[in-house]
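Please keep the sequence and the model in view while reading.

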Amino acid sequence: MSELDLVVKGGTVVTAADTFPADVGIVDGVVVALGRGLEGDEVIDATGKLVLPGGIDSHTHIEQLSSAGVMNADDFHSATVSAAFGGTTTTMSFAAQHRGMAIPDVVAEYHDRAAPKAVIDYAFHLIMSDPTPEALGEHLPAAVAQGIPSVKLYMTYDRLRCTDDQILDVLSAARAQGALTMVHAENHDMIGWMSNRVVGAGNTLPRYHAACHTRGAEAEAINRVIALAELVDAPILVVHVSTIEGIEEIRRARARGLKVYGETCPQYLFLTADDLDRDGLDGAMFCCSPPPRDEFAQEACWAGLADTTLSVYSSDHSPFRHDHTGKLPKGTETTFKDIANGVPGLELRLPMLFTHGVGAGRMTLAEFVRLTATNHAEIYGLHPRKGTIAVGSDADLAIWDPDHEVTITHEMIHDNVGYTPFAGHELKGWPTTVLSRGEVIVAGGEMHAERGRGQFLARGPSPASQPLGRQIPELDMMDRWGTPFRP
Ligand code: URP
Ligand code: ZN
Ligand code: ZN
């Protein structure tokens with residue numbers, strides 16, 4: 001008997017800091033040794049392969065009621081199976097409060113959905129659409145105490161959006177708990193005004209979705225929420241950033257020292273508005289908010305990832321079938337305003353970036369690991385258990401064959417969506433063997449994990465989610481006048 005349960009032998013280990021040849025020794029699902037010549041009860045030969053931390057996808061919608069009240073096509077089984085095949089070993093999805101719902105009930109319901117089905121480990125963020133005093137004063141702190149120290153707010157969507165004063169309330173409450181606020185930043189009225197006029201003139205095709213979600217709607221909302229966050233000294237993470245202008249707002253805020261983080265997604269690197277311009281309602285398969293833009297915006301997103309203005313690359317997996325159960329709630333009568341928003345991307349997030357990022361020389365392997373795993377763990381409070389390969393971290397490993405070539409078809413994807421927006425891409429580099437807590441869950445193109453083996457990850461507040469503790473001049477003024485005001 002060896003002291004090690006399992007050794008991943010002879011591969012090249014990649015972390016956010018280094019790329020080096022090493023064996024990985026595992027006991028009880030945890031990495032206990034990195035070195036040469038390790039021996040174990042079982043051995044996986046990784047000669048010629050790259051050994052990366054499993055991906056963390058910190059923005060996914062799984063078994064969730066959408067902004068329009070439509071249920072996602074993926075449940076926690078199909079979504080996590082799909083994630084695993086693409087080299088992702090942790091998902092973070094939303095427990096979504098729609099108006100009138102009590103957050104404790106919402107959280108309990110999402111636990112019930114996930115626990116019997118997930119094959120990889122998972123965490124939750126809250127979505128808050130109804131920030132009542134009880135929700136802010138009791139339910140949010142309780143959710144944070146139960147391991148959910150992040151909350152997403154919407155500045156658009158009729159059924160979910162918060163007003164600016166509600167946003168300030170949530171930012172203050174989140175700050176008090178050391179929780180991070182994620183923001184879907186688009187100007188609701190700009191989009192609505194454009195959309196109503198366009199539909200009123202008889203233009204209903206999916207391509208108008210891209211035109212009506214203007215670049216300015218994103219930039220204005222990002223600018224506004226940064227101002228709101230600065231007023232109460234609350235860190236924010238702007239999700240799914242798609243525009244040059246939006247990235248500039250975040251870059252400026254970061255240059256001023258604010259804790260403003262940004263995220264982009266495959267659809268903003270690999271799709272454009274032209275993808276929505278298809279026959280009939282086919283463009284609906286590419287409708288997401290914000291929409292894909294143009295090649296200049298794609299370049300800006302690459303540059304934002306390169307200079308760390310954008311810290312995380314997530315899928316925003318938002319799975320809807322291209323039929324009346326999902327994308328087209330009114331069948332052939334569906335206008336672009338009714339189309340369920342979002343595109344699938346859990347499985348292809350990493351392979352797409354590997355080919356077009358690492359393979360194309362746009363980023364190093366270490367940067368790839370940072371953007372797909374380590375930064376997610378650090379920002380959302382999972383580090384160092386997840387997102388790295390280090391002594392003491394979970395043995396969540398994706399063993400990549402850098403020479404494995406694949407042409408993407410929707411038939412090869414394991415989600416329940418029935419299409420992929422990335423069909424036809426020729427990729428080189430693929431996670432051929434995937435381990436979760438030391439257990440081989442994907443090998444030889446087969447899934448080996450039992451339903452429900454995935455564990456809920458209770459997270460703690462992270463350094464990224466702590467306020468700066470900056471002086472706020474207006475509040476100092478009031479202090480001097482003897483009328484202290486603390487947000
Ligand atoms: O279009 C999108 N992104 N749909 C998913 C919901 C959201 O806004 O993240
Ligand atoms: Zn969103
Ligand atoms: Zn989303």
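How many nonpolar, polar and charged residues does the shell around ligand 1 have?

## The ligand and its shell

The model is predicted, and the description that follows should be read with that in mind. By class, the shell around ligand 1 divides into 3 nonpolar, 8 polar and 2 charged residues. The residues that surround ligand 1 number 13, and the closest of them are His61, Lys152, His184, Ser289 and Asp316.

For Asn341, a backbone N or O atom is 3.2 Å from a nitrogen atom of the ligand, while a polar backbone atom of Gly342 is 3.2 Å from an oxygen atom of ligand 1. Taken alone, ligand 1 exposes 270 Å², and the protein buries 95% of that area.

## The largest pocket

The space that ligand 1 takes is the largest pocket, which holds about 710 Å³ of space. Its lining is made up of 36 residues, of which Ser67, Tyr157, Asp158, Lys337 and Asn341 are the closest to the centre of the pocket.

Among the secondary-structure elements, β9 (150-154) and α5 (188-200) each supply at least two residues of the lining, and α5 gives the most, with 5 residues. By class, the lining of the largest pocket comprises 11 nonpolar, 19 polar and 6 charged residues.

## The second largest pocket

The second largest pocket has a volume of about 230 Å³. It is lined by 15 residues, and those closest to its centre are Thr308, Leu310, Ser311, Arg370 and Asn375. Here α10 (295-306) and α12 (365-380) each supply at least two lining residues, with α12 giving the most, namely 6 residues. The lining of this pocket has 8 nonpolar, 3 polar and 4 charged residues.

## Enclosed space

Rolling a probe the size of a water molecule over the atoms shows where empty space is left. A search of the whole structure finds 1 cavity of 30 Å³ or more, and about 60 Å³ of space lies in the largest cavity. The residues that line the largest cavity include Ser82, the run of Pro344, Gly345, Leu346, Glu347 and Leu348, and also Ile413, Asp415 and Phe422. By class, this lining has 7 nonpolar, 3 polar and 2 charged residues.

## Backbone features

Two cis peptide bonds deserve a look in the model. Another joins His383 and Pro384, with omega about 5°, and Pro384 is in the loop between α12 and β14 (397-407).

Thr308, a residue other than glycine, has a positive phi, near 70°. The place of Thr308 is in the loop between α10 and β13 (312-313), and Thr308 is also among the residues closest to the centre of the second largest pocket.

How values were computed:
Residues are numbered from 1 along each chain as its sequence is written. Chains are lettered from A and ligands numbered from 1 in the order in which they are written. This is a predicted model: local features need pLDDT of at least 70, side-chain atom pairs count only at pLDDT 80 or more; totals for chains, interfaces and linings use all residues. Side-chain values use heavy atoms; hydrogens and water are left out. A residue is near a molecule or strand if one of its heavy atoms lies within 4 Å of it. A polar contact is a pair of N or O atoms within 3.5 Å; within protein, one must be able to donate a hydrogen and the other to accept it, and residues adjacent in sequence count only if both atoms are side-chain atoms. Accessible areas come from the Shrake-Rupley method with a 1.4 Å probe; for residues, only the protein chains shown count as cover. On a 1 Å grid over the protein atoms alone, a cavity is a set of points where a 1.4 Å probe fits but cannot get out, and a pocket is an open set with protein on both sides within 12 Å along at least five of seven lines; lining residues have an atom within 4 Å of a point. A molecule sits in a cavity or pocket if more than half of its atoms lie within 2 Å of its grid points. Ala, Val, Leu, Ile, Met, Phe, Trp, Tyr, Cys and Pro count as nonpolar, Asp, Glu, Lys and Arg as charged, and the others, Gly among them, as polar. Grid points are joined across faces, edges and corners, and a volume is the space filled by probe spheres set on the points. Helices (H or I, at least four residues) and strands (E, at least two) are DSSP runs, numbered from the N terminus.
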